[in-house]
Amino acid sequence: MSGMWTRRLPAAVTGAVLAAGVLAGCGSDGGSGGGTGGGTAAPSSSDPSLGTVTVAEDGVQEVTIQTPDDYVFLPETFTVAPGRVRLTVQSTASQATHNFRFTPGAGVEEISEEIPLLAAGQTETIEFEVTLPGEHPFECSFHTQLGQVGVMTVRG
Ligand SMILES: [Cu+2]
């Protein structure tokens with residue numbers, strides 16, 4: 001007597017299938033990537049030395065203006081006398097990239113010196129000469145539409 005047992009083997013047993021490689025948890029732990037940063041901060045908005053012209057030992061007029069993240073120059077107007085001018089533009093921005101140029105064709109005489117790129121936190125200086133009294137509109141060409149413009153006046 002023999003019982004017949006048919007044993008069916010599951011056809012699809014293919015050895016060990018390791019499906020275990022799923023890594024859980026891509027970054028649920030939000031490190032916001034921000035960086036709490038170096039604490040150099042917050043330029044108080046009105047530094048009286050900004051926009052004030054002083055004369056250096058070499059006789060060149062010196063003036064510094066700032067640009068923060070906001071789309072402005074501080075101050076947006078300043079006045080120099082005819083002669084050489086050393087203009088420093090200091091970015092106090094933490095994010096925004098600006099530039100500085102005298103608006104082409106807008107001034108009483110051409111000043112071609114410019115700062116093509118002023119990254120956040122950078123300071124750049126240009127030097128040029130003015131001879132005629134009058135106004136020189138300037139701008140950040142990236143943000144002219146947002147009103148980042150100003151005027152340098154030459155007064156004899
Ligand atoms: Cu700008």
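Me: What share of the chain counts as buried?
Reply: Of its 156 residues, 18% count as buried. Buried means that 20 or more other C-beta atoms lie within 10 Å of the residue's own, exposed means 12 or fewer, and partly exposed is in between, with C-beta atoms placed from the backbone. This is a predicted model, where local features need pLDDT of at least 70 and side-chain atom pairs count only at pLDDT 80 or more, while totals for chains, interfaces and linings use all residues. Residues are numbered from 1 along each chain as its sequence is written.

Me: How many helices and strands are there?
Reply: Zero helices and nine strands. Both are DSSP runs numbered from the N terminus: helices are H or I with at least four residues, strands are E with at least two.

Me: What order do the strands of the five-strand sheet take?
Reply: The order is β3-β9-β8-β5-β6, in an open sheet with mixed pairing. Two strands pair if DSSP finds at least two bridges between them. β3 (77-80) and β6 (114-118) stand at the edges with a single partner strand each, so one side of each has no neighbour in the sheet. The twist averages 20° from one strand to the next; axes are lines fitted to C-alpha atoms, for helices over the stretch in contact, and angles run from 0 to 180 degrees between N-to-C directions.

Me: In what sense do β8 and β9 pair?
Reply: Antiparallel, over six bridges, with β8 covering residues 134-139 and β9 covering 149-154. Gly134 has Val154 in β9 as its bridge partner.

Me: Where is Ser141, and is it buried or partly exposed?
Reply: Ser141 is in the loop between β8 and β9. It counts as partly exposed because it has 17 C-beta neighbours inside 10 Å.

Me: Which residues does Ser141 contact, leaving aside neighbours within four places in sequence?
Reply: Asn99 and Arg101. In contact means that the C-beta atoms, placed from the backbone, lie within 7 Å. Ser141 is also 9.9 Å from Leu117, C-alpha to C-alpha, with the two 24 residues apart in sequence.

Me: Switching to the other sheet. What is the order of its four strands?
Reply: β1-β2-β4-β7, again an open sheet with mixed pairing. β1 (54-55) and β7 (123-130) are at the edges, each with a single partner strand, so one side of each is left without a neighbour in the sheet.

Me: How many bridges does β4 make with β7, and how many with β2?
Reply: β4 and β7 are antiparallel over eight bridges, while β2 and β4 run parallel and are joined by seven. Arg86 in β4 is the bridge partner of Glu62, and Arg86 also stands opposite Glu127 in β7. Leu87 has Ile126 in β7 as its bridge partner.

Me: Which residues in the largest nonpolar core touch the most other members?
Reply: Val63, Ile65, Val89 and Phe100, out of 16 residues. Such a core is a set of buried Ala, Val, Leu, Ile, Met, Phe, Trp, Tyr and Cys residues joined through C-beta atoms within 7 Å. β2 (61-67), β4 (83-91), β5 (98-102) and β9 are the elements that give two or more residues to this core, and β4 gives the most, with three.

Me: Which peptide bond is cis?
Reply: The one from Leu74 to Pro75, with omega near -5°. Pro75 lies in the loop between β2 and β3. Most peptide bonds are trans.

Methods. Contact = placed C-beta atoms within 7 Å.
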